[in-house]
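Biologist: Hello! Could you walk me through this structure, starting with the ligand and then moving on to a pocket?

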Amino acid sequence: MTDIKSLNYDELVTYMAGLGEKKFRASQLYQWMHEKLADSFDECTNLSNALRQKLKETSEYVCLEPVRVQRSKLDGTEKYLFRLTDGNYVESVLMKYHHGNSVCISSQVGCRMGCRFCASTIGGLTRNLLPSEMLDQIYRIQTSIGERISNVVVMGTGEPLDNYDNLLRFIHILTEDGGIHISQRNLTVSTCGLVPRIYELAEEKLQMTLAVSLHAPNDEKRRELMPIANKYSIDELLAACHNYFDKTGRRITFEYSLVAGVNDSKENAQELAGRLKGLNCHVNLIPVNPVRERSFVRSTREAVENFKINLEKCGINVTIRREMGRDIDGACGQLRKRYMEKTESEK
Ligand code: SAH
């Protein structure tokens, strides 16, 4: 069965030609899937019954089923838990900002990167998400709220660069003409720092923002928090970031989760600033979200403010991530995890 929503326009034309259909039929179907966000072939009313039947016999129309939606009373943030065709679950988050609606999507079921403070990695990696499954998280949310999604961040469960080919295909379908057409400038992909992939991605010359999860000013501390730091040093990672900026002209965002007593001191800020010097970048500070299974404690508000000031004194651009949806299941990956634990215990 062909995963039809993962085909780009040219591939869909070829596929439809194989079914004896003309190019304009492929255009109609592409529009149904990626612009009108139809939830099944049956919604594609300008395609004949016979054609819809043929499509059903030869391909699968991926459409995610929302099994739970949690809405924050504080800021309108919504967390969606989607069921995939094979019974796995992924979560996505809708954040409403003045400048538009932003959706944070997952790129894998689970994750194998093992970051110590992260809930998404606790059960390991189950599988990669298909391009269609990444797209449909956005499509279902846009359909559900009846408002346009203008920003997408790939910062949910999973390491997007560990699912590289599917990620690229997703980006092209998401941002090119003829579909939901989200601007590449409104897309952010976050990575824990798979260095060879960052070099590869730079060659794609995309206009999206690359966010790199750094979380520590030196290798020793980074290794305590992120196993990937055993594979690539911060020097190697920053060299890849310099290259990314040189090739794309896009400023890198560094994510830095502040853990009390671990990486939030004045010395840590100064050391970090020293390493980032000369790189066109921006640091996003995130007070770590406590995860039930982990013992990390978030830095105090004061420590976060001081860390920001200390970086700024060294000439670094810094923002503190605004916290959204605090009342609906804290850190990423927790909704899925809790839901699965609950259903397991009911078995
Ligand atoms: N694998 C990618 C994207 C998913 S994680 C990456 O590592 O960047 C998205 C961001 O949330 C990363 O910066 C990650 O380090 C951070 N994160 C994960 N768990 C967190 C927690 N409990 N508190 C704060 N930030 C967390």
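**Around the ligand**

Modeller: Gladly. This is a predicted model. In it, a nitrogen atom of the ligand is 3.0 Å from an N or O atom in the side chain of Glu159.

Biologist: Which residue has a backbone N or O atom 2.8 Å from a nitrogen atom of the ligand?

Modeller: Side chains also take part: an N or O atom in the side chain of Ser257 is 3.1 Å from a nitrogen atom of the ligand. For the backbone, the N or O atom at 2.8 Å from a ligand nitrogen belongs to Asn289.

Biologist: How much of the ligand does the protein bury?

Modeller: We start from the ligand taken alone, which exposes 530 Å². Of that area, the protein buries 95%.

Biologist: Which elements give two or more residues to the shell around the ligand?

Modeller: The shell holds seven nonpolar, eight polar and two charged residues. Among the 17 residues around the ligand, Phe117, Ser190, Ser213, His215 and Asn289 come nearest. The elements giving two or more residues are strand S10 (187–191) and strand S12 (252–258).

**The second largest pocket**

Biologist: Which helix gives the most to the lining of the second largest pocket?

Modeller: This pocket has a volume of about 300 Å³. Its lining includes Pro287, Arg298, Thr300, Arg301, Val304, Glu305 and Arg326. With three residues, the element that gives the most is helix H10 (residues 301–313).

Biologist: And how many charged residues are in that lining?

Modeller: By class, the lining of the second largest pocket has three nonpolar and two polar residues. Arg321, Arg322 and Glu323 are also part of the lining. The number of charged residues there is seven.

Conventions. Residues are numbered from 1 along each chain as its sequence is written. This is a predicted model: local features need pLDDT of at least 70, side-chain atom pairs count only at pLDDT 80 or more; totals for chains, interfaces and linings use all residues. Side-chain values use heavy atoms; hydrogens and water are left out. A residue is near a molecule or strand if one of its heavy atoms lies within 4 Å of it. A polar contact is a pair of N or O atoms within 3.5 Å; within protein, one must be able to donate a hydrogen and the other to accept it, and residues adjacent in sequence count only if both atoms are side-chain atoms. Accessible areas come from the Shrake-Rupley method with a 1.4 Å probe; for residues, only the protein chains shown count as cover. Helices (H or I, at least four residues) and strands (E, at least two) are DSSP runs, numbered from the N terminus. Ala, Val, Leu, Ile, Met, Phe, Trp, Tyr, Cys and Pro count as nonpolar, Asp, Glu, Lys and Arg as charged, and the others, Gly among them, as polar. On a 1 Å grid over the protein atoms alone, a cavity is a set of points where a 1.4 Å probe fits but cannot get out, and a pocket is an open set with protein on both sides within 12 Å along at least five of seven lines; lining residues have an atom within 4 Å of a point. Grid points are joined across faces, edges and corners, and a volume is the space filled by probe spheres set on the points.
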